[in-house]
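Please look through the sequence and the model shown here with the notes below at hand.

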Amino acid sequence: MTGKRDLEKEFDALAARAGLMIPPERRQAMLDGYRDLSVMIERLHRSRDAAQDTAHVYSPEILLHGRRRPA
Amino acid sequence: MSAALHDLSIADAGRALRAGGMTSQHLTQHALERIASFDTRLNAFITLTVERALRDAQAADAAFARGEDRGPMQGIPYALKDIYDTAGIATTCHSKLRMDHVPQADCAVEEKFRAQGGVLLGKLATFEFALGGPSFDLPFPPARNPWNREHSPGGSSSGSAAAVAAGYTRLAMGSCTGGSIRGPAALCGIVGIKPTYGLISRRGIFPLSWSLDHAGPLTASVEDAAIALEVLAGYDPRDQGSANVSRPGFRAMLEAGVKGLRIGVPRHFFENAPGVSREVVAGIDHALDALREHGATIVDVRLPDYDDYAACGRIIMFTEAFAIHEKDFRERPLDFAASTYQRMVLGAFVSGADIIQAHRLRRELALASQNVLETCDALITACALDEAPSFGGRDNWTKPSDSPNQTMPWNVTGHPAIAVPTVLSSAGLPLSLQIVGKFFGELVILRIARALEKALGWPRRAPDFV
């Protein structure tokens, strides 16, 4: 992450994008929660090989789950 | 005999029912009287299904009289967390948003209990939609801990743990997305097992996070837990996460002891974790000594950082939960309890790239954990980091990343994990540990749990509920 983040501005922008009207009495707790969430998110981002896929790639096997008789 | 009916294991009650020394109606009436006597002070139940229970018990007795035996739950009382759909019976998720919801069909778990002739006592308190809590701004009060009513039973399967610990029933079903079976079991001095992801169908259970949710039992003893798995495990093509694997007899190895087993201990997870109680660590060490004395080999192992598992699990959980409830968060925000809202809505602030990286990290953590598990038979680590918290601090805001339990890693990876009690704290509240197994390695963790139960003198009843 480069530059100093304005977490309150981010919070307001993301809430608006999600169509949320945060009740005023819940705003401070949500903002504190967003700061905490941001720390957790930082832990997810690390250097990985581009070919290393995710755990939930599209799979016909998964799509057909439940449409076939068990083996 | 009636004074100790609530302390009969499922197996012992089953034997008495089959021998004709007791009827299901007698057993059920005893449970209902116990609930009527105590639950105004514990709030474990949201809905008590008295007529249904008596009807189920009568049907079970009639089946016994005809010589029919449909399985170990025939005639045995049980209860369900109020996120399990029950046809014709309200399923509220402990939420104002679902007060009028009466399902048309039973969930898969209820289908299995009914098919065996079990006796449904009712629906149990939870944290709203299985997250947040304990909350005092909901239509029903939070459940209380039978060991001390001024303390929380944990959550989200709060009513399930309280009901078993109070001796209302030997078996209550919970659900677990980040520790909601093991956490409350730990705080209430009972057994709670989160099986391998996919072992028990979640069809008809209101989801919190599809890829992390597990169904599982909270029970008074390890044997009761094994019986519950025997009844409930199995492939369900209508649950996208269901695993098509063979089902072992989960009681088969219960008395095999731990001689020759190699048990890994990731001490770096819990030994100096923020908020860990010295008494919890001492309780784990006491249990490890007992296992060593019974012939197990205890070795230190190293897993990835605990905080990686916790962050990964919480990001996925908040994101999936927000996707489930987004319409209501936009249109009815104040109908959610404050603590539910303040956690679930965080899912709206996670980017597409964030969630993809969370899933990539999840795969890395699962593989790293599996590699460590392949060097031993099971792991033992902390479950709840302290004794049950008092309700006194209920208005204090806690960080979403804060958890009183170290349970999330095994929801992230899907490995089976069971909470078992260790010792009592100096305040007289139960402490615990958890045993983690290889994928579909429930037999081994049940075996270790049973050995510990015998060595440490459980199950025990809370003093107020002797």
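This is a predicted model: local features need pLDDT of at least 70, side-chain atom pairs count only at pLDDT 80 or more; totals for chains, interfaces and linings use all residues.

Residues are numbered from 1 along each chain as its sequence is written, chains are lettered from A and ligands numbered from 1 in the order in which they are written, and side-chain values use heavy atoms, with hydrogens and water left out.

**Strand S5 of chain B**

- Strand S5 (residues 191-194) of chain B is covered on both faces, with Val191(B) and Ile193(B) on one side, Gly192(B) and Lys194(B) on the other, and all of them buried; buried means under 20% relative accessible area, exposed over 50% and partly exposed in between, with a 1.4 Å probe and protein chains only.
- Strands here are DSSP runs of E of at least two residues, and helices are runs of H or I of at least four, both numbered from the N terminus.
- S5(B) runs antiparallel to strand S6 (residues 214-219) of chain B, to which 2 bridges join it, and Gly192(B) stands opposite Leu218(B) in S6(B); two strands pair if DSSP finds at least two bridges between them.
- S5(B) also pairs in the antiparallel sense with strand S10 (residues 417-424) of chain B, over 3 bridges, and there Lys194(B) stands opposite Ala417(B).

**Salt bridges**

- The count over all chains comes to 32 salt bridges, a salt bridge being a side-chain nitrogen of Lys or Arg within 4 Å of a carboxyl oxygen of Asp or Glu.
- Asp7(B) forms a salt bridge with Arg461(B), their closest N and O atoms being 2.3 Å apart. Asp7(B) lies in the segment before helix H1 (10-19) of chain B and Arg461(B) in the segment after helix H14 (442-456) of chain B, so the pair ties together parts that are 454 residues apart in sequence.
- Within that pair, Asp7(B) is partly exposed at 42% relative accessible area, whereas Arg461(B) counts as buried at 19%.
- Arg203(B) and Glu111(B) meet through their side chains in a salt bridge of 3.1 Å, N to O. This pair links the loop between S5 and S6 of chain B, which holds Arg203(B), with helix H4 (residues 108-116) of chain B, which holds Glu111(B), 92 residues apart.
- Arg203(B) is buried, with a relative accessible area of 17%, while Glu111(B) is partly exposed at 36%.
- Arg43(A), Arg46(A), Asp305(B) and Asp308(B) are linked in a network of salt bridges.
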